[in-house]
Amino acid sequence: MNMHSSVNSTTAFDTSSQSDQDVLISLDHVSLSFGGVKAISDISFNIKKGEIRAIIGPNGAGKTSMLNVINGFYHPQEGTITWRGKVRRKMKPYEAASNGIARTFQNVALFKGMSTLDNIMTGRGLKMKTNFFWQCLRVGPALKEEIANREKVEEIIEFLEIQHIRRTPVGRLPYGLQKRVELARALAMEPELLLLDEPMAGMNIEEKTDMSRFILDVNDQYGTTIALIEHDMGVVMDLSDRVVVLDYGRKIADGAPKEVQSSQAVIDAYLGVSH
Amino acid sequence: MFYRETGQFKTNYADDQAIFPIAQDRWGIYIILGLAFLAAPLIMDDYWGNAILIPFLIYSLIALGLNILVGYCGQISLGTAAFMAVGSYASFKLMTSFPGLDFTIVVILSGLMTALVGMMFGLPSLRIKGFYLAVATLAAQFFLIWLFNKVEWFYNYSATGQISAPERTAFMFPVTGPSASVLYKYYFCLCIVVITALATKNVVRGRIGRSWMAIRDMDIAAELIGVRPVYAKLSAFAFSSFLIGMGGALYFGVWLGAAEPTEAFGIDQSFQILFMVIIGGLGSILGAFLGAGFLWLLPIVLKNFMVDMLGLSTAFSEHMQVIIVGALIIIFLIVEPHGLARLWQILKEKMRLWPFPH
């Protein structure tokens, strides 16, 4: 199968026909290149409110670049991004953050020198408003704000069952727990859209089960929309409502897990084709 | 056995987030403060004040300022002495232009002025990191010292090019000038250091401090959770320079009384303070004090020991002193790269379990 037919096959699973009301973010004909290298070419897909959307594809397919485009770390050369019904141009990462887009990283990107509690509290930064002088004194509104946010953070700590490592510097934690703290930090932002970049990479079965449960619970209890990249197909197929498949920066399939699984283009991309 | 939090229950988050949540620590700091405020006057004379306690306090304040920038925000600066010079010259100009102004206000205004200058020289940090930033801050060091030597307005056209502090009062007590008493000077420095240390601790354990540490530990992740690097870095530069500028005003006004830019604010001064911060412990308030104590007091102890007790010649003991302090720095950095503050923390963790560590 050549490139052209793989692009054509996307039409079979095109999901652009649903109402715009429940679409949280939609990307239209987005292209991103670094110099001569095309990381993403002409990709369109959307994420609906409250769903779990998986982005899968072989290594180097442009999945992480896709997340970086969504949270404003990369600016695509072509195409538009519509966030909550509004077309947005260039958006800086902190603007995306204050717009309710949170994110975890493929390789854990915690603040190594800080405790679990401080890491999660940092995620509350956007919710805290008192100025420098109150912070110096740490009385009145500053203290009240600190305590109110601490209460929120404690809720998240309880939710993710990490009470016992509250005071531990995150550098000392095992990998699985670090991933969980990172999720907690993202949740502390009370995001509308949560981007998870390989939340289960390098975990054992038990940790994967826990993480899957947390992801479903977050989606269920907080109503957070989730976009996740994951290589474990079992997990992807079980968790996600819809899946988009990328290969070499192009979209080759989009739809419900079952549909995607049976797509010839996807099977070819993963298993390879004889020429 | 004596140091543990058993039985000390916290029932609200305010208590849980206290600076010293453990009662023994709290008592320790009360004792230290009590000694500093009540017992020190009993031994206070010219030697203890001018050679030991006042410079220790001033260096602690400056090290605290640099620690904000290097330890908490992860931005290396080699321009500390130049920022001290800004504080000194600002205080000199304020003292001579407004003779009636209380010295407390002079110190604060000098700090604010230094904060502005610091922010200006902090602008490169938005683009460059690490060693490259260190080199950029070196520009501040050389440019500002050159400026204070070159532009006569800064030293009021005096023939020697020196600045000297006129007599000024703080809350009616004379604290600068030749006739100010050592005790007043000491109390003035002590009050400023205690208040700024408390304010600094409050800032670093709040939202702003966490945003600095986030930038230090992982700047990309920090940006993606909503920390604006521009604000975080420049506020760190500003607050750090504010403390260094206040320290500079005290350094010149209260301690030295007279200064000349090339000697008092040379690059070796910048390094001295950077070493204090590194040895004391990056990212620790206590570390600033321990580092200043180590690098300021240890040479004095060594000198007293070698000259007075062993009867060695002054010149010989001075060389030995440099060698010993240098060797100790290396040993410390190998044994505990995170500084004296971390050693103290490890000791406390051990003490909690003692005598049954398993």
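Me: Which helices do the buried residues of helix 8 of chain B pack against?
Reply: In chain A they pack against helix 4 (116–122) and helix 5 (132–137), and in chain B against helix 3 (46–72), helix 7 (182–204), helix 9 (219–224) and helix 10 (229–256). Helices are DSSP runs (H or I, at least four residues) numbered from the N terminus, and contact puts C-beta atoms, placed from the backbone, within 7 Å. This is a predicted model, where local features need pLDDT of at least 70, side-chain atom pairs need 80 or more, and totals for chains, interfaces and linings use all residues. Residues count from 1 along each chain as its sequence is written, while chains are lettered from A and ligands numbered from 1 in written order.

Me: Why is that helix 8 largely enclosed?
Reply: Because 11 of the 11 residues in helix 8 of chain B (207–217) are buried, meaning 20 or more other C-beta atoms lie within 10 Å of their own. Among them are R207(B), W212(B) and D217(B).

Me: Switching to chain A, how is it divided?
Reply: Domain 1 of chain A covers 1–100 + 191–275 and domain 2 covers 109–190, with bounds from an automatic or database assignment. Their centres, taken over C-alpha atoms, are 28 Å apart.

Me: And how many residues does each domain put into the contact?
Reply: Domain 1 of chain A gives 11 residues and domain 2 of chain A gives 10. On the domain 1 side, helix 3 (93–98) and helix 8 (205–222) of chain A each supply at least two residues, and helix 8 of chain A has the largest share, four residues.

Conventions: Buried ≥ 20, exposed ≤ 12 C-beta atoms within 10 Å, placed from the backbone. Contact = placed C-beta atoms within 7 Å.
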